[in-house]
Amino acid sequence: MQMLALVKKEIGSFFSSLTGYVVVGVFLVISGLFIWVFPGELNIPDSGYATLDTLFIIAPWVFLFLVPAVTMRMFAEEKRSGTIELLYVRPLSDLKIVTAKFIAAVVLIVISILPTLVWYWSVHSLGNPPGNLDSGAILGSYIGLVFLASCYAAIGLFASSLTDNQIVAFIVAVLLCFFFFIGFEMTSALPLSPRLEDLLLHLGINEHYRSVSRGVLDTRDIVYFISLIVFFVYLTGIILEGRKKKQFARPGFLLLGLVLAGVLSGQVFVRADLTADRRYTLSDATHEALEQLDDIVYVRVYLEGDLPAGFRRMRNATRELLDEFRVIAGARLQYEFVDPSDIDDPAVRNDLYKQLHGKGLNPTNIEITERGGSRSQKLIFPGALISYGGTEMAVNLLRNNPALQAEQNLNNSIQGLEYEFASALYSITDPVTKKVAFVEGHGELDEMLVAGAGDAMARYYDIYRGRIDTDDPGSLNDYDAIIIAKPLRPFSEPEKYVIDQYIMNGGKVMWFIDPVSIDLDSLTYQSEAVALINDLNLDDQLFRYGVRLNPNLIMDANCLLIPLNVALAGEQARFVPAPWYFSPLLSGNDIHPVTRGLNYVKAEFASVIDTIGTDPSVRREVLLRSSSATRVVNAPMLVSLDMAQQEPRSSDFSQAHKPVAVLLEGEFRSVFANRVISGIIGTDDPGFRETGESTRMLVVSDGDIIRNDVTVSGGVPEPLPLGYDRYSGQTFGNREFVVNALNYLVDERGLMELRTRELQLRLLDRRKVREEKLKWQVVNLTVPFIMVVFLGVVYNSLRKRLYTSG
C-alpha cells in the first residue's frame, strides 16, 4: 500500500503542475507535426502507405528529452527541498522507493503515449479500404516503445539520484539515454573485429528496439530490456543507500547475474512474429543457408539517400530482412547501405555507375521531389553486391512489370527479397555447383544466341554444351538438367532413348521447341515467307509425357511492334511502328513461383500446347499463355508483313489464353516401354526403366523465348540481353522466366516457394487524403493534446473532491 501511495503521489504531482502538460504536449505536437504536417519522408499522408512506422522512428528521439523531463525531479527535487528524509522514514526499503517512482514514471509515459491511438484510428480510417493496416505489427511497435521508454525511465531515475539539481539530472539523463540508445552502435562502426562489433551492437538499446518495433517479440530482446531496467533501478537504490548510510554497495553480483541471463537467453530463445503476413518469419531453407555459413558474408546494398516513398519502404524492408538474417547468422553476416549518387565529382560518380552496371546491377531512373517542389531525375541501382570468400555476386532486387502500377511492382519486389538473398547465399557459398548442359547436334541455338540465358545461369550453375552419346544410355546422368534450345533437325531414336532414360532416372529437361519453322529474320529481305511444320521426331515422346505441341501459330492483339516501311515504291523509306501479331507478349501464372510477378515474356511464332492424359502421377501446370484476344492459324501458311497493316477484327481474335509453356511434374512413363530396346540402341540395357523417379520438365512451344538477339559493334558480334526488344528498347521477362524455371526444376530445398510469398499492399485512400488532408491534420494535432488536458482536469477534480470530502 505504501508503494501504491508513492506511485499515486508522483502521478498527482505531475498532473498538478504545468510542467507535466508542457512535457506531454511537446511530445505530441512535435511528433504530430512531423507525421501529419511537415512535408518529407516522415509524413504519413505524403507517403501513401497505411502505416505508423514514422511514429516509432521519431518517438525514441523525442523520448530522449521527454523521459528525462519526467524523471529529473523525482529524486533531485526531493533532495533540494529536503523531503527525501520523509521518504526514508516510510516503511519502505530504498529499492521499493525507487521501484515505486519507476512505476510512476512508466505510467506517466504510457499516459503520454495513449493519445497517439488517435493516429492509429486516423490511419485505420484513411486506409484503402478502411482498416487496411497491420494491427499486429503496430501492437508490437507499441510494446517496443514502452520497453524503450522504461529503459529511459530507469536511466533517468539513476541520473536524478546523483544530484539535487533538476537541470543537471536532465542533462545527465539525456546523455546517458543517448549513449545507451545509439552510442554503442556508433562505437561499433569503428574498425573492430566482427565479434566485438556484434557485441557492441547488442549492448545498445536501438538494436533491440528496432527488432521489437517491427512487430517481432523475441525473448532475447525482452531479457535485454528487463536486465537494463533492473540494473539501473538497483543502481539507483544503491546510490540512495550509500547516501543514507555513507557506504556504497557494489552491484557486481547483480551485473554478473544479468550477463548470465543474457548469455542464456541467446542460447534458448523464442520469437513471436505479430505481423499479419508473418513477414519476419524466415523459411527453413533460409535458416539452413545462414546456419551453414563458415565465413563472413558482406552485403553492400545500393538503396540509400533521397528516395521516393515506395523505394524507402523497399530499403527499410531490405534492412529489416538483413537484421533477421543476422539473428541467425550473427557476426557472420555484415551489411551496409550505400548511396552511389553521394559523390560530388561527376567523373568519379559515373565511373562508379559503370562499375556497378558491369558487375550486374541494373540501374533505373526515378523521379524525386526537391525542396521547393521542383522535380528531378535520379539514377539508382536497386540491388546489392554480396561478397564471400573472395567471390562477389550481384543481386537485383527490383521487379519491374510494365503491366503493373509502381506500388505493386515495389510490393512484388519486397515479397521477393528473401528469395533473392537466400538463393544468392546458396549460390555463393555452396561448394558443390550443379551442372547444366545445352544439347547440340540438331541445329540448336549456338552459344552466342543463348548467351543471355547462359550468362544468367552461370551465376548458379556450371554450364556445358555437347552432343548426346548414343553409345552410353547414361551419358546425360552427370547433369542436373539439360536444355534443348530450338532444334532444327529431327532426333534419332537412340538419342530419344538417352533423353528418355535420363528423365526416368530423375533428370530435368527444358524443351524449347518450334512446332512450326519460320523466322522473323527471313522476312527482312522479302515481304513474305512460308511457315512449315517442323518435324523433330519428338511428338510421340512429349505426348507420352503429357503434352502435345500443335503445328499452328498464335496471333495475339497484345504483341510487339515492329518498324514497317509504308513508303510507296520509289519513295524514300518511311518506317512506322506496326503491331506484329506473331510476336505475342505472354503473361505468366501469377500463383506459381516461376512466374509470380513476372514481366511479359516476348515470343516469336509461338504455337499452342495441349495437355494430354489423366495420369494422376503427373501434374500439369500452364506457366505462360496468350492474352484474351488471340487467334490461332494452322501451318503450313503464308506469313506476310502486310498482315501488320491489316486492322484486326475482334471476331478474328476471339480465342483466349492459349498455353505456350507447361510445367510437368511427377513420375513419367517411358516412351520406350513395351519396345525391344536392343532394336533401338543395338544392345540390351540392363538399367532400363519403364517408370521413372519423380522429376520435373518444362515444355515451351517457342524456341525463341530463350534466344537473344545479337548486335555487331566494331565488327565484333555481341549478344543483347535476353528479352530485350531492339525496336521498343524494352527488356521483357524472358531472362527471369528461363532462370526461374531452371531454378525450380533443380530446387531440392523448396527455395522457389519463397517467390509465392504474399505481402498485402497497404495503401492510403489517395482521394480521401487529398480532399480531407486539412481535417485530418487538425484532428491529429489537437485531439491527442485535448485528451491529455481532459485527463488531467478529471484527475485533479476527483482528487480535489476526495480531499474535500475527507
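**Exercise 1. Overall dimensions and burial**

Of the 806 residues of the protein chain, what percentage count as buried?

Solution. The model is a predicted one, in which local features need pLDDT of at least 70 and side-chain atom pairs count only at pLDDT 80 or more, while totals for chains, interfaces and linings use all residues. Residues are numbered from 1 along each chain as its sequence is written, and side-chain values use heavy atoms, with hydrogens and water left out. The term buried stands for under 20% relative accessible area, exposed for over 50%, and partly exposed for what lies in between (1.4 Å probe, protein chains only). On that basis, 52% of the 806 residues in the protein chain are buried. The C-alpha atoms of this chain fill a box of roughly 105 × 65 × 55 Å along the principal axes, and its secondary structure comes to 24 helices and 29 strands, where helices (H or I, at least four residues) and strands (E, at least two) are DSSP runs numbered from the N terminus.

**Exercise 2. Aromatic rings**

Count the aromatic pairs and classify the pair formed by tyrosine 335 and phenylalanine 337.

Solution. Start with the rule: rings of Phe, Tyr and Trp (its six-membered ring) pair if their centres lie within 6.5 Å, and planes under 30 degrees apart count as stacked, over 60 as edge-to-face and the rest as tilted. The count by this rule is 27 aromatic pairs. For tyrosine 335 and phenylalanine 337, the ring centres are 5.8 Å apart and the planes stand at 85 degrees, so the pair is edge-to-face. Both tyrosine 335 and phenylalanine 337 are buried. Next, consider the charge over a ring, which requires NZ of Lys or CZ of Arg within 6 Å of the ring centre and within 35 degrees of the ring normal. The charged end of arginine 319 sits over the ring of phenylalanine 337, 4.3 Å from its centre, and arginine 696 lies over the face of tyrosine 744, at 4.1 Å from the ring centre. Elsewhere, ring pairs join Phe158, Phe179, Phe180, Phe184, Phe231 and Phe232 into a cluster.

**Exercise 3. Cysteines**

Determine how many disulfides the structure holds, and examine cysteine 177.

Solution. A disulfide is a covalent bond between the sulfur atoms of two cysteines, and the criterion applied is a pair of cysteine sulfur atoms within 2.5 Å. The structure holds zero disulfides. The cysteine sulfur closest to that of cysteine 177 belongs to cysteine 151, and at 9.0 Å it is too far for a bond. Cysteine 177 is buried, its relative accessible area being 0%, and cysteine 559, at 11% relative accessibility, also counts as buried.
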